[in-house]
Amino acid sequence: MKKNLLLIVVLLSSLLACKKDTTEKNTDRIVGRWIVEQVSEVSYENGIEKQRIENFAQNDDQVCEFRKDGTATVNLDGGNVDVKWTITDSKLKLSTDEATTIDFDVRTLTNNSLLLEYEEDVEVQNGTTYRRTIEFKMRK
């Protein structure tokens, strides 16, 4: 009986002593300098993609620099803008000092690949839902 009790104590202590696996969070992954590779305008009808216009970056001018302190410098359309950012599993929120907020859906976020989607317009006409989005494909 003492051997069994000792074995149980040893097993429990070894299980409790094991480190939990640490998973990298999106807040850690997004920190760094991201270069925009491609901007795509996508049109949907009732959730089905109907048109995709892809624009590939010609240079490395379009960048997003996310810092650990929750601030960033973003250049998605030709000018630098200083913003504050927050991120969850599926949403990236950028806000300026002028109280302007832009929400992006995070489609992909790895250590070196980021795909953001901005919903530009949603409209319903005669029972058909039309949606236009802009996708930003980036790399570190």
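The structure is a predicted model.

**Stop 1: strands 4 and 5.** Begin by selecting residues 71-74, which form strand 4, together with residues 81-87, which form strand 5. These two strands run antiparallel and are joined by four bridges. Next, select Val74 and look for its bridge partner in strand 5, which is Val81.

**Stop 2: the turn between them.** The hairpin of strand 4 and strand 5 has six residues between the strands. Which residue in this hairpin takes a positive phi? Select Gly78, whose phi lies near 105°.

**Stop 3: strands 5 and 6.** Lys84 can be highlighted here: its bridge partner in strand 6 is Ser95. The hairpin that joins strand 5 to strand 6 passes through three residues.

**Stop 4: the largest pocket.** Finally, display the largest pocket, which has a volume of about 320 Å³. It is lined by 15 residues, and those closest to its centre are Val74, Leu76, Asp77, Ile102 and Phe104. Which strands each supply at least two residues of the lining? They are strand 5, strand 6, strand 7 (101-109) and strand 9 (128-139). Colour the lining by class to end the tour: ten of its residues are nonpolar, four are polar and one is charged.

Note on methods: Residues are numbered from 1 along each chain as its sequence is written. This is a predicted model: local features need pLDDT of at least 70, side-chain atom pairs count only at pLDDT 80 or more; totals for chains, interfaces and linings use all residues. Side-chain values use heavy atoms; hydrogens and water are left out. Two strands pair if DSSP finds at least two bridges between them. On a 1 Å grid over the protein atoms alone, a cavity is a set of points where a 1.4 Å probe fits but cannot get out, and a pocket is an open set with protein on both sides within 12 Å along at least five of seven lines; lining residues have an atom within 4 Å of a point. Grid points are joined across faces, edges and corners, and a volume is the space filled by probe spheres set on the points. Ala, Val, Leu, Ile, Met, Phe, Trp, Tyr, Cys and Pro count as nonpolar, Asp, Glu, Lys and Arg as charged, and the others, Gly among them, as polar.
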